[in-house]
Amino acid sequence: MTRLSEATLEALAPSVRRPACDRRALERGVVHLGLGAFHRAHQAVAYDDLAARGDLRWGVTGVSLRSPEVADRLNPQDGLYGVAVRDGDRVEDRIIGVLGQTLVAPRGVEAVVAALAAPATRLVTLTITEKGYLLDPAGGGLMLDHPDIVADLASPQTPKTAIGLIVAGLAARRAAGLPAFTAMSCDNLTDNGERLARAVVGYARRLDPALAEWIERRVAFPATMVDRIVPSTEPDDIAAARARTGLEDQGLVKTEPFSQWVVEDRFSSEAPDLAAVGVQLTSDVRPWETAKLRLLNGAHSTMAYLGAQAGLTYVHEVIATPGGRAVVERLWDETAPTVPPQPGLDLTAYRRQLLQRFANPALQHRLTQIAMDGSQKLPQRLFAPMLTRLKGGQSVDGLALATAVWVRWLAGRDDAGRPTPLDDPMAERLRRAVSGGGARDHVLAVAAMEDIVPSALAQRSDFIDAVTGALQRLTTGGAGAILNTSETDR
């Protein structure tokens, strides 16, 4: 089967939407660190829309920080790849043309730094997941004793980390008299712009105080909120796309119709006209960010641990059960009041929309994919709203159950005794925390991990009691019993 590439575009089926610009004329105005499926289905689509409108300044250079897999899929295709938007039985295929070369940092870090320092580069974006920022969960500062940071500081011209690369690129720009680029986190993190700024400035200050001062004065770190469900692409998805489009596409991503990007309107210099392609520019991202983290992401994590323990595979299977929907609704009843009000943010409509998105069977969104890195995600998704409610003397039954299903997940067995994966940077410590004793012992051991559970929450007896009670019920009856019981039957 012929592979998708610049030379084979004309062989695509007529139903496939092709790039609507002269790709040879694209400037590489964006460097994206952590090139993966989410960026390709979300931000890159916006840049492609800009190019289709005639603004050719925002072509993308992708960077894989560790694995060469994405580059090996995309570079033979000249950076072209398909986005399959799936809604029930309907699929719309589109080829994205804005991506150029994908660099692999371990194969040549000098090329990455050169791309960051190139005069055309105006915007550097990141999707490196929560753990990629290397911030101390307790203090919030950069973990200067982390082995990767230690190595980068010892060899700043050949850094391994995203933080080291950004600083190396900025140092080269400063030396060349070039303006600073905007550095924009697109990860699901509270205050992601401020977190990125702390990491970058903290690293630069240890390396060169004068450089750190220049960065603080010249570099904008806007906060963002990103929202689009992008499940992992399976071999069957590639085969189905091949049948629809007529070409083999090893860079395919699949996603849902919904897409939202909210960006703080603060840039270092020249900025793309994101508003022209549907991006919402605002002075305060936090309400949208909080709503997404606590409603969408909090529900996703809860469904992932609960559904996988009951032997289910996909999100739509969980939300289709009477108990699954009841658990999500109860969680939202508790978390929605903790979201700051904002004009234009209708949480009732957002909840209805989320239920429709969760129920989309075409996405095939795997629960084990969502379950990854819980120690990094749950502080924002569950623990922050739980602390707010407990301080206000409000109930936390739904949040306690969500926490309990995660604690049970750490033990590594589902309802039927089958092993479950624990893909988490703190996996070893978490496994030890639940290795002995009963439900209360497990909750106390996890709560004692201050780099996961805030001490203000962990020290509250009402928190310990609520999660222990939920864990005891879960251990006795199993996750399946919860999913098969509606709210009215509880």
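This is a predicted model: local features need pLDDT of at least 70, side-chain atom pairs count only at pLDDT 80 or more; totals for chains, interfaces and linings use all residues.
Strands of a sheet pair through backbone hydrogen bonds, in either a parallel or an antiparallel sense. Between β3 and β4 the pairing is antiparallel and extends over seven bridges, and the bridge partner of R86 in β4 is V91. The hairpin formed by β3 and β4 has two residues between the strands, and in this hairpin G88 takes a positive phi near 65 degrees.

Rolling a probe the size of a water molecule over the atoms shows where empty space is left. Four cavities of 30 Å³ or more are counted, and the largest cavity has a volume of about 80 Å³. This largest cavity is lined by 13 residues, of which G82, I95, T245, D249 and L252 are the closest to its centre. Strands β3 and β4 and helix α9 are the elements that give two or more residues to the lining of the largest cavity. Of the elements, β4 gives the most to this lining, with three residues.

Open space is represented by the second largest pocket, with a volume of about 880 Å³. Of its 34 lining residues, those closest to the centre are P137, R195, P379, Q380 and D451. Helices α7 (192–207), α10 and α15 are the elements that give two or more residues to the lining of this second largest pocket. The largest share, five residues, comes from α15.

Helix α20 (residues 461–477) has 17 residues, which at 1.5 Å a residue should span 24 Å; the end C-alpha atoms are 24 Å apart, so the two values agree. The buried residues of α20 are F463, I464, V467, T468, G469, A470, L471 and L474. Covering these buried residues are elements that include α10 (286–309), α15 (374–391), α16 (397–410), α18 (439–447), α19 (455–458) and α21 (479–483). After α20 comes G478, with a positive phi near 90 degrees.

V453 lies in the loop between α18 and α19. Because its relative accessibility is 2%, V453 counts as buried. Not counting residues up to four places away in sequence, V453 touches F383, V446, A447, A458 and F463. The C-alpha atoms of V453 and F383 are separated by 7.0 Å, although these residues are 70 residues apart along the chain.

W409 has its place in helix α16. With a relative accessible area of 1%, W409 is buried. Leaving aside neighbours within four places in sequence, W409 is in contact with Y305, A308, Q309, T368, A371, T420, P421, L422 and R431. W409 and T8, by contrast, are 401 residues apart in sequence and 47 Å apart in space, C-alpha to C-alpha.

K292 is found in helix α10. A relative accessibility of 4% falls under the 20% cut-off, so K292 counts as buried. Beyond neighbours within four places in sequence, K292 is in contact with N188, M225, V226, D227, N297 and Y350. From K292 to V339 the C-alpha distance is 9.5 Å, with the two residues 47 residues apart in sequence.

Technical notes:
Residues are numbered from 1 along each chain as its sequence is written. Side-chain values use heavy atoms; hydrogens and water are left out. Two strands pair if DSSP finds at least two bridges between them. Helices (H or I, at least four residues) and strands (E, at least two) are DSSP runs, numbered from the N terminus. The expected span of a helix is 1.5 Å times one less than its number of residues. Buried means under 20% relative accessible area, exposed over 50%, partly exposed in between (1.4 Å probe, protein chains only). Contact means heavy atoms within 4.5 Å. On a 1 Å grid over the protein atoms alone, a cavity is a set of points where a 1.4 Å probe fits but cannot get out, and a pocket is an open set with protein on both sides within 12 Å along at least five of seven lines; lining residues have an atom within 4 Å of a point. Grid points are joined across faces, edges and corners, and a volume is the space filled by probe spheres set on the points.
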